[in-house]
Amino acid sequence: MAAAAPAAWRRALHGAAPARDVLLFEHERGRLFGFLGLFCAGQGVLWTALAAAALAGPPRPAPPPAAEAEVPAAPARGSALWRYGLALGCAAVGSLVLTAGLLFSHRSVRSVLLRAGGQQVTVTTHAPLGLGAEFTVPLRHVSCLAHRSEVPAVLPLKVKGRRFYFLLDKAGRFPNLRLFDVTVGAYRSL
């Protein structure tokens, strides 16, 4: 009898499509992602400036007037290679920080909305600088890899045709838990 109750709930929820849009998840952190975008932009500028300074090399002192007749000393053999390596390393660190921050903000979910009819889901992400970006996909193309109670902090959401996972922070609000669990929160093989 106890096993029949969840099955009855699933049939009732699948059979009765919502007549209007239903909010399934919401977590507003626009300010945090605005600061994250500014931090990433600052890091990009900093590491680019460091790479440019490494390419420019150290300043050369002016030769003394008495040393004009002497043959100038040859620069160290490894100095150019070292400068180019340092510039490449600075550029790599800067692009890594910028890419990681932008990818994290683009994959963090702001809200999940089940559209009227129950066949489509609109996912809104924070996107760079907290501006937000949204897309709508069929419900059958969305899969949760774990149940809400199984993960400690972040719920991974896979969308067919999109790389990486979208992240739902459990600190967010789930206004309709049962509907979330049987629609977006359900595991589907994609």
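Is R173 buried, exposed or partly exposed? R173 comes out as partly exposed, at a relative accessible area of 45% (buried is under 20%, exposed over 50% and partly exposed in between, with a 1.4 Å probe and protein chains only). The model here is a predicted one, where local features need pLDDT of at least 70 and side-chain atom pairs count only at pLDDT 80 or more, while totals for chains, interfaces and linings use all residues. Residues are numbered from 1 along each chain as its sequence is written, and side-chain values use heavy atoms, with hydrogens and water left out.

Five salt bridges turn up in the structure, each a side-chain nitrogen of Lys or Arg within 4 Å of a carboxyl oxygen of Asp or Glu. One of them joins R173 to E26, with 2.7 Å between the closest N and O atoms. R173 sits in the loop between β7 and α4, E26 in strand β1, and 147 residues separate the two (strands are DSSP E runs of at least two residues, helices H or I runs of at least four, numbered from the N terminus). E26 is partly exposed too, at 32%.

E28 and R110 also pair up, at 3.5 Å from N to O. Because E28 lies in the loop between β1 and α2 and R110 in strand β2, this pair ties together parts 82 residues apart in sequence. E28 is exposed at 53%, whereas R110 is buried at 15%.

Then there is R148, which bridges to D181 at 2.8 Å between the closest N and O atoms. R148 belongs to the loop between β5 and β6 and D181 to helix α4, 33 residues apart. R148 is buried, at 18%.
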